[in-house]
Amino acid sequence: MDATPAETAEPTFRTLGGLRFSKGHGTGNDFVLIADPDGIHTIDAGQVAALCDRHRGIGGDGLIRAVPSRYLSEGRELLGTSPEAEWFMDYRNGDGSLSEMCGNGVRVFVHFLRAEGLVDLPDGGSLTIGTRGGVKTVVRTGDNYAVDMGPWEFIFPGEATAKAMDSLVTADGLEVPRPALSVSMGNPHTVVALAELSELEATRLFAAPKVDPVPANGTNVEFVVPSEPLVHDGVGSVTMRVHERGVGETQSCGTGACAAAVAIRHWAGAEAPDSWLVNVPGGVVGVKFFAGAAGHEHVELSGPAVIVASGTLS
């Protein structure tokens, strides 16, 4: 069969020839990274999708542009109250759509800033950055990074409090719709608890699960199996798979891991611990709950970040 013009056309990212990039990941959640210290690169949704294409581009769950906050309207707004947030994580999903936040992406972003010589962050030091989900503070702990993800909240608080569920999720591989709980970590998540690892393995996430009702801006969907026992030495443990908005199934999702811990802890009751390990296909991340400012409970996400390659677009 002859190729059609669409199949033989050059990928959209060819117009970015000469631009340097890196490829990095946090527990398998992978990103194309671009340093833009002068705020001169405009990368549109089509170019992002082409760069993140796993067959004809570099491949990634999303693209992160490292740009000084002063060059973006969202960044300038954050600088008004957090002048220390010099750098902004300009993040897009793999389909080119804008995303508020990415917990794994924040860690990889800070590691990338270090690798590019754009910041000096000693072991134990902290860095404040801007995102569309607000200001985030990242602490370096050796080869890992811990991120104050800020406060969490239920998207439908009335239903969550009264019924411990607020929606039903239908997914390929699950025989019946399952009850779920919707959590905001600056971006929306809907968490489903499953009883067995066999159910988790049987769930097919090629297509987006159906959520009813779906949060206003769509949602990421996490399927979670509590460990048995749930708590060991004061630390809770769960296993998770996730379907991300605008991406599909990913090896890991940092904000999703936080949302999963929020939901499982809520379902487990008042005696549930504040420290959790979340096992994802790409590795393990840590989640901790602690008292934040103004009486709001915050969530800390910790885990590794790796840069695997760098190059120049042709």
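This is a predicted model: local features need pLDDT of at least 70, side-chain atom pairs count only at pLDDT 80 or more; totals for chains, interfaces and linings use all residues.
Residues are numbered from 1 along each chain as its sequence is written, and side-chain values use heavy atoms, with hydrogens and water left out.

Me: Why is the contact of K23 with D30 called a salt bridge?
Reply: A salt bridge requires a side-chain nitrogen of Lys or Arg within 4 Å of a carboxyl oxygen of Asp or Glu. The closest N and O atoms of K23 and D30 are 3.3 Å apart, so the pair meets that definition.

Me: Why does K23 count as buried?
Reply: Buried means under 20% relative accessible area, exposed over 50%, and partly exposed in between (1.4 Å probe, protein chains only). K23 has 15% relative accessibility and therefore counts as buried.

Me: What makes R54 partly exposed?
Reply: The relative accessible area of R54 is 48%, which is why this residue is classed as partly exposed. R54 meets D61 in a salt bridge of 2.9 Å, N to O, and D61 is buried at 5%.

Me: What does the salt bridge of R178 with E199 tie together?
Reply: The closest N and O atoms of this pair are 2.8 Å apart. R178 lies in strand β10 (residues 178–184) and E199 in helix α6 (residues 197–202), so the pair ties together parts that are 21 residues apart in sequence. Helices (H or I, at least four residues) and strands (E, at least two) are DSSP runs, numbered from the N terminus.
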